[in-house]
Amino acid sequence: MAVAGCGSAGSNEEGGGDDGGGGTGLSAPAAPSGLEATPQDGAVQLGWDAVDGADTYNVYRGTSSGVDASSSALDTGIDQTSYADETAESGTEYFYAVTAVASGGGESAESDASGEAEAIPFAAPSGLEGTSQDSEVALSWDAAAGADTYSVYRSTSSTDGAEGEPLATGVAETSYSDSTAENGTKYYYRVTAVNPNGAESDASSEVEKTPFSDPPDRP
């Protein structure tokens, strides 16, 4: 889980967070705490602790540290303590903050911002290809945005995704040679991306290959 607490939320002074209250005396809730950001394949999942007196929450996002409620909100009126940012681009570092909002009588008061949480969403590998060789299958794929390393999965039957234990982990390149493959056995391969915090993406598309010894030019 990619979570970075980049500062703590300040406490509200009396009425200090109720700029949206129009000076009516509606009290702003406390700033949310416990904000966490979990990178996913092309998205970031946020979660935070509930705040007493909050009716909804607003989410703020930036691409540099220091995000707060002074900018335009990514989304408002969130009525639960979680949010999926599905507009995040894989490979881009994002910083998030959340505010709590109390409302009543058509008025609202917004709290100070929470502490920050950081995440880098990442994509699944694409373009997986394989070449059959003598007791070996050579795999290659396209680099995935936000990936730090890759994991390779192998099965003797077609799978729906990355099933079972990986054949190889921590692969730093966009290629891998399976030198444990046996000639004449049909193998199915998939590859996943792993981000710097250890989160794993969905699996790539599947490629089927059978190593061989003779003739050497068999496709």
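The side chains of Asp 178 and Arg 154 meet in a salt bridge at 2.8 Å, N to O; a salt bridge here is a side-chain nitrogen of Lys or Arg within 4 Å of a carboxyl oxygen of Asp or Glu. Asp 178 lies in strand β13 (residues 175-178) and Arg 154 in strand β11 (residues 149-155), so the pair ties together parts that are 24 residues apart in sequence. Strands (E, at least two residues) are DSSP runs, numbered from the N terminus.

This is a predicted model, in which local features need pLDDT of at least 70 and side-chain atom pairs count only at pLDDT 80 or more, while totals for chains, interfaces and linings use all residues. Residues are numbered from 1 along each chain as its sequence is written, and side-chain values use heavy atoms, with hydrogens and water left out.

| Asp 178 | Arg 154 | 2.8 Å |

Glu 206 sits in the loop between β15 (200-203) and β16 (207-209), and its partner Arg 190 in strand β14 (residues 187-194), 16 residues away.

Accessibility is given as relative accessible area (buried under 20%, exposed over 50%, partly exposed in between; 1.4 Å probe, protein chains only). Asp 178 is buried at 0%, and Arg 154 is partly exposed at 27%. Asp 85 is buried at 0%, with Arg 61 partly exposed at 26%. Glu 206 is partly exposed at 27%, whereas Arg 190 is buried at 12%.

Note on methods
Helices (H or I, at least four residues) and strands (E, at least two) are DSSP runs, numbered from the N terminus.
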